[in-house]
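Work through the following exercises with the sequence and the model at hand. Each task is followed by a solution in steps.

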Amino acid sequence: GRGEKILDLLQAGAELSLYQSQVKGLKEVTASTIQEAETIVSNGLQKRTTAYTGSNNRSSRSHCIINIRVSQTQITPTLD
C-alpha cells in the first residue's frame with residue numbers, strides 16, 4: 001500500500017507483507033473454549049496502534065481483521 005504497515009497483533013514485532021490479497025505469516029492460535037477465544041482477541045485488540053493519515057492530521061486510521069475458523073470434533077464413546 002501507501003506506506004501502511006501490516007502487523008500481526010499476536011506476534012510481537014511481526015511486520016507482514018501483502019501478497020496477492022493475502023497476508024503471509026500470520027500466527028494461528030487454537031482456542032478450546034469461547035473464553036480462550038475472547039482472551040486471544042482481546043489481547044490482539046490491546047496491541048492495535050493508530051497514526052495520523054496523510055490527508056488529515058486530526059484523524060487516525062487502524063483496521064483490524066479477525067479470522068475465526070470453527071471446527072467441531074465428534075467424540076465417539078468407546079465400549080469397554
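Buried means under 20% relative accessible area, exposed means over 50%, and partly exposed lies in between (1.4 Å probe, protein chains only). The model is predicted, so local features need pLDDT of at least 70 and side-chain atom pairs count only at pLDDT 80 or more, while totals for chains, interfaces and linings use all residues. Residues are numbered from 1 along each chain as its sequence is written, and side-chain values use heavy atoms, with hydrogens and water left out.

**Exercise 1.** State how many helices and strands the chain has, and give their order.

Solution. Helices (H or I, at least four residues) and strands (E, at least two) are taken as DSSP runs, numbered from the N terminus. The chain has 1 helix and 5 strands. Read from the N terminus, the order is β-β-β-α-β-β.

**Exercise 2.** Describe the burial and the surface of the chain.

Solution. Of the 80 residues, 8% count as buried. Accessible areas come from the Shrake-Rupley method with a 1.4 Å probe; for residues, only the protein chains shown count as cover. The total for the chain is about 7800 Å², and carbon and sulfur atoms hold 49% of that surface.

**Exercise 3.** Find which residues form the salt bridge, and say which parts of the chain it ties together.

Solution. The criterion is a side-chain nitrogen of Lys or Arg within 4 Å of a carboxyl oxygen of Asp or Glu. By this rule there is 1 salt bridge. It pairs Glu28 with Arg69, whose closest N and O atoms are 2.8 Å apart. Glu28 lies in the loop between strand 3 (22-24) and helix 1 (34-46) and Arg69 in the segment after strand 5, so the pair ties together parts that are 41 residues apart in sequence. Both residues, Glu28 and Arg69, are exposed.

**Exercise 4.** Is Val70 buried or exposed, and which patch does Val70 belong to?

Solution. Val70 follows strand 5 (60-61). Its relative accessible area is 74%, so Val70 is exposed. Patches are built from residues with over 30% relative accessible area and no salt bridge, joining like charges within 9 Å and nonpolar side chains (Val, Leu, Ile, Met, Phe, Trp, Tyr) within 5 Å. Val70 forms a nonpolar surface patch with Leu45, Ile66 and Ile68, and together they have about 420 Å² of accessible area. Ile68 also lies in the segment after strand 5 and is exposed at 62% relative accessible area.

**Exercise 5.** Locate Gly25 and list its contacts beyond its neighbours within four places in sequence.

Solution. Gly25 sits in the loop between strand 3 and helix 1. Its relative accessibility is 53%, so Gly25 counts as exposed. With contact meaning heavy atoms within 4.5 Å, and neighbours within four places in sequence left aside, Gly25 touches Asp8, Gln11 and Leu16.
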